[in-house]
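Let us walk through this chain step by step. Start with the overall plan, then look at the sheet, and finish with the helices.

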Amino acid sequence: MTAEAPQSDRASILLVDDMEDNLIALEAVLGALNEPLVRARSGEEAMKALLRQRFAVVLLDVRMPGMDGFETASNIKRLDQTKDVPIIFLTGTEGDSGYAFRGYATGAADFLTKPFDPWVLRAKVNVFLELHRKNRQLERMLAQERRQFELLAEQLAEIEEHVLENRHGDASQLREQVARMRDTLIEMRRGQGC
């Protein structure tokens, strides 16, 4: 049994298929992952959902009326906001043998044929969920590091100002500022595991 991800690391999984039965099957297989599942019944709906929220992975049916899976994937990969979202293509067994090649050529991370093994699908999706969590964790760490460097820059600017003004009797204040900078550096090293 795995612990549920912190709320800030949770990300939805987008399920894109024009067939209700397929969406129900995907929800049954992926429900055990305890992540939000969002449905889209067309490529157009999928694009709208992707522009409204962040997703860890998209499961995308190849054969759909209107905008098919390949066209949808091309549109996903074309936009800066969505280009890094991994796509797992799903297709029926009657699919063309060139579908896999086309899928990878449009930017798919993986390609599965229906009927798929539920364990395999869940394992593959879970890999992308873990990658998403690690990416979010790195984003938070980088943001914290940026804030700390900005703080150090501000403190250094204060010290420079005091030195340039050549204030007499401000040595204690200068020592306090240097001590604060040292504390910030120590905190940053702890955050990096140094």
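The secondary structure of the chain comes to 6 helices and 5 strands. Here helices (H or I, at least four residues) and strands (E, at least two) are DSSP runs, numbered from the N terminus. This is a predicted model: local features need pLDDT of at least 70, side-chain atom pairs count only at pLDDT 80 or more, and totals for chains, interfaces and linings use all residues. Residues are numbered from 1 along each chain as its sequence is written, and side-chain values use heavy atoms, with hydrogens and water left out.

Follow the sequence and you read the pattern β-α-β-α-β-α-β-α-β-α-α. Of the 194 residues in the chain, 38% are buried. Buried means under 20% relative accessible area, exposed over 50%, and partly exposed in between (1.4 Å probe, protein chains only).

Now take the sheet. Its 5 strands form an open sheet in the order β2-β1-β3-β4-β5, with parallel pairing. Two strands pair if DSSP finds at least two bridges between them. The edge strands are β2 (37-40) and β5 (110-113), and each pairs on one side only. From one strand to the next, the twist averages 20°.

Go across the strands. β1 and β2 run parallel and are joined by 4 bridges. Val16 has Ala40 in β2 as its bridge partner. Strand β1 (residues 12-16) also pairs with β3 in the parallel sense, over 5 bridges. There, Leu14 has Val58 in β3 as its bridge partner. Strand β3 (residues 55-61) is mostly covered, with 7 of its 7 residues buried. Another 4 bridges join β3 to strand β4 (residues 87-91), and these two run parallel. Leu59 is partnered by Ile88 in β4.

How do strands and helices connect? β3, helix α3 (residues 69-78) and β4 make a right-handed β-α-β unit. Right-handed means that, with the strands pointing away from the viewer, the path from the first strand over the helix to the second runs clockwise.

Turn to helix α1 (residues 20-30). Its buried residues are Leu23, Leu26, Val29 and Leu30. They cover an arc of only 130° around the axis, so they sit on the same side of α1. The arc is that of the directions from the helix axis to the C-beta atoms. On the other side of α1, Asp21 and Ala28 are exposed.

Methods:
Axes are lines fitted to C-alpha atoms, for helices over the stretch in contact, and angles run from 0 to 180 degrees between N-to-C directions.
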